[in-house]
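Here are a few notes from going through the helix packing and the sheet. Have the structure open while you read.

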There are 2 protein chains.
Amino acid sequence: MTTLEEAARLDAEDELAAFADRFVPITDPGVVAYLDGNSLGRPLLSTGQRLQELVTHEWGARLIRSWDEGWLELPGRIGDELGRVALGAAPGQTIVADSTSVCLYKTLRAAVALRPGRDELVIDTGNFPTDRFLAESVAAEAGHTVRWIDADDVRAEDVAAVTGPRTAAVVLSHVDYRSAAIADLAGITRLVHDRGALTVWDLCHSAGSIPVELDAAGADFAVGCTYKFLNAGPGAPAFLYVNARHHEEFAQPITGWMGAADTFGMAARYVPAPGIRRALSGTPPVLGMVGVQEGVALLAEAGIERVRAKAVALGRWVLDLADAWLVPLGFTVASPREDARRGGHVTVRHPDAERLSRVLIEHGVLIDFRRPDGIRIGLSPLTTGFTEVRAAMARIRELAA
Amino acid sequence: MTTLEEAARLDAEDELAAFADRFVPITDPGVVAYLDGNSLGRPLLSTGQRLQELVTHEWGARLIRSWDEGWLELPGRIGDELGRVALGAAPGQTIVADSTSVCLYKTLRAAVALRPGRDELVIDTGNFPTDRFLAESVAAEAGHTVRWIDADDVRAEDVAAVTGPRTAAVVLSHVDYRSAAIADLAGITRLVHDRGALTVWDLCHSAGSIPVELDAAGADFAVGCTYKFLNAGPGAPAFLYVNARHHEEFAQPITGWMGAADTFGMAARYVPAPGIRRALSGTPPVLGMVGVQEGVALLAEAGIERVRAKAVALGRWVLDLADAWLVPLGFTVASPREDARRGGHVTVRHPDAERLSRVLIEHGVLIDFRRPDGIRIGLSPLTTGFTEVRAAMARIRELAA
């Protein structure tokens, strides 16, 4: 079942199809399909409008008064809403701030400080470079050792093999950036806790794509970006989650005024704010947060369960088309075939993937290439359609033949 | 000479007067004067337009391709231009990134690492909270001691008194956030270097307001924000300067992918990028940088020397009016009277300043209050007029009487 009729049927049955109209249309006639929303989600129409309003009315007319009229509360307010809609996090535990790298640094430092006497950090060799680089950086400054999990698809048993009484924290991605394999967040968190260590979850490829249940899993820390499935914009601020049970002891070293108990008190010494606000440092990036706010609001309207259901259906559709059209041409599927284990993209591998990716992009099939030989097909349920996916897969078949 | 005619004459002679038309008009009829551009500069009309274009055309239509079509280069490109126009910095030494807090943390860590065997950081008790908090945080993690300069207006001799063979770095603000006193950047840098230590300059209140000559002074590191005199927007990204002679050894611990030599290489180990790019961490905040780019471009058009000349004239005008109208009411002037020692604002003190500030703001005189008793009158040469200042001072006189 790879026909145009089948694609049309899937589009017709798609409960989220109308959401595509809420986004800035792709006016470039050369674009066949946008399958890179897992790198950069498309802009909402409302984000452009809100930015204009913000510049004219809040920044331009209310001026400095806007800080007291809502801006100062935005990191926590948007964080709470993101927690509610996408992360399974009760209010007061999530804030929007900095970049993922800076948030990761803060949480890793906090995790290490919370486990004195333990001198190892655990991470997998296949994790995203930033995560690995930061684990090594924080380990080096603490005199800790990095214990590597050498697995492409990290399972609880892989974590168990390297986690023990010396482990301070385990850093893992919830959804693998290459294969889209979903890690067992709850199971691994339980295991890590059983060994007395803490978890730092990178949710970059799950936030806004699959339901995350941080509180239910008892996760310690999490970070993630908002410019993929949350459509917040290029380099939009990241988010950081700290489970409430760690708030009192949570300490991070970038002690800027926004993390202080009395920001405008100009106190002689840094006293951390109560709660999650102590994870802040500098002045909140108001313009950048507009996209986060709009993206989270749209997700609330769509519902993360419906988004997930469509992501699964889109993934299955890609697999069907890949099996019918690409596997015979020498492609292999690098993502889990089991729906429950596959996140919001499908990766296919091809020996000539790097060159082929360039050709595809030139021909309007906007996917991305991940070394050494992966072509990532990103599926954004709020914007991606089944006919669009089919057109892209047909073009891949044509260009790879 | 405090007459309306004098104000009109000064406005008529103001070479920069026409620049005010380049900004979003203040439509709120209740605003008498905006004298808080040193907290939040007003938005340029072009910033709103560029944001719209960016959302629609770059993000919306070019999509992910925009990263290769210019976005990735923005931190360095805008940094270079900022360096040229406002900081006296040759290309390749300035980047736009993060918040001032994060940039300060990175430079402090780098400075400490560059001076092994030295175990003191020097800072003044009157410095901005973030700077003090971060100096203490970095000192604590390095096992260093903070040596405090207890002076309201830091002079070279104050620095000399606490700087010696144990000093790793000296952290100072170029322009004092309370009094607007200008520190002798070149002289203090020379003195600190003579003692074998490094300088970290906070340019938050000088960038875009007074010409800074970082290269000429041989300054080591500098950071600053862009949302004051550069009009880049609330929480817009900060900037970070590292003198080229330190690039090879410059190391900072927030080792995200954007600071790696091969960002998309997905390498096994972090290898820092050559040059200033190694100071980056996460994905650059593209929307936030629009305001920086526009603000720097307008400053280039106006010229920092003309901006400075008008800031001096506005400051003198405030002092004349304060002497005539406010000193008789119990105010004192807390800013240097010598033009060459006064930055872009004038602070007056009053025992009842906190309450009075609230009243002033309610009556449309948008100044800000700084504890314990300062009213800061911010002067933004690209938007502030002499008649506007006079109206505000008249209102202060009226409300304080």
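In which hand of crossing does α11(B) pass α12(B)? Keep in mind that this is a predicted model.

1. The crossing is right-handed where α11(B) passes α12(B). As for who touches whom, α11(B) brings Leu356(B), Val359(B) and Leu360(B), while α12(B) brings Arg395(B), Ile396(B), Leu399(B) and Ala400(B). By class, the residues of this contact come out as 6 nonpolar, no polar and 1 charged.

2. On the geometry of that pair: helix α11 covers residues 353-362 of chain B and helix α12 covers residues 386-400 of chain B, and their axes come within 10 Å, crossing at roughly 125°. That angle is why α11(B) counts as oblique to α12(B).

3. Over in chain A there's an open sheet of 7 strands with mixed pairing, and the order reads β2-β8-β7-β6-β5-β3-β4. Its edges are β2 (94-97) and β4 (145-149) of chain A, each pairing on one side only. From one strand to the next, the twist averages 20°.

4. Inside that order, have a look at strand β6 (residues 198-202) and strand β7 (residues 221-224) of chain A: they pair in the parallel sense, over 3 bridges. If you want a landmark, Trp201(A) stands opposite Ala222(A) in β7(A).

5. The sheet also has a helix on it: α4 (residues 100-114) of chain A packs there, touching β2, β3 (120-124), β5 (167-173), β6, β7 and β8 (238-242) of chain A. The direction of α4 makes about 170° with that of β7(A).

Notes:
Residues are numbered from 1 along each chain as its sequence is written. Chains are lettered from A and ligands numbered from 1 in the order in which they are written. This is a predicted model: local features need pLDDT of at least 70, side-chain atom pairs count only at pLDDT 80 or more; totals for chains, interfaces and linings use all residues. Side-chain values use heavy atoms; hydrogens and water are left out. Axes are lines fitted to C-alpha atoms, for helices over the stretch in contact, and angles run from 0 to 180 degrees between N-to-C directions. Helices (H or I, at least four residues) and strands (E, at least two) are DSSP runs, numbered from the N terminus. Angles under 35 degrees count as roughly parallel, over 145 as roughly antiparallel, 65 to 115 as roughly perpendicular and the rest as oblique. A crossing is left-handed if the near helix is turned anticlockwise from the far one by less than a right angle, and right-handed if clockwise. Contact means heavy atoms within 4.5 Å. Ala, Val, Leu, Ile, Met, Phe, Trp, Tyr, Cys and Pro count as nonpolar, Asp, Glu, Lys and Arg as charged, and the others, Gly among them, as polar. Two strands pair if DSSP finds at least two bridges between them.
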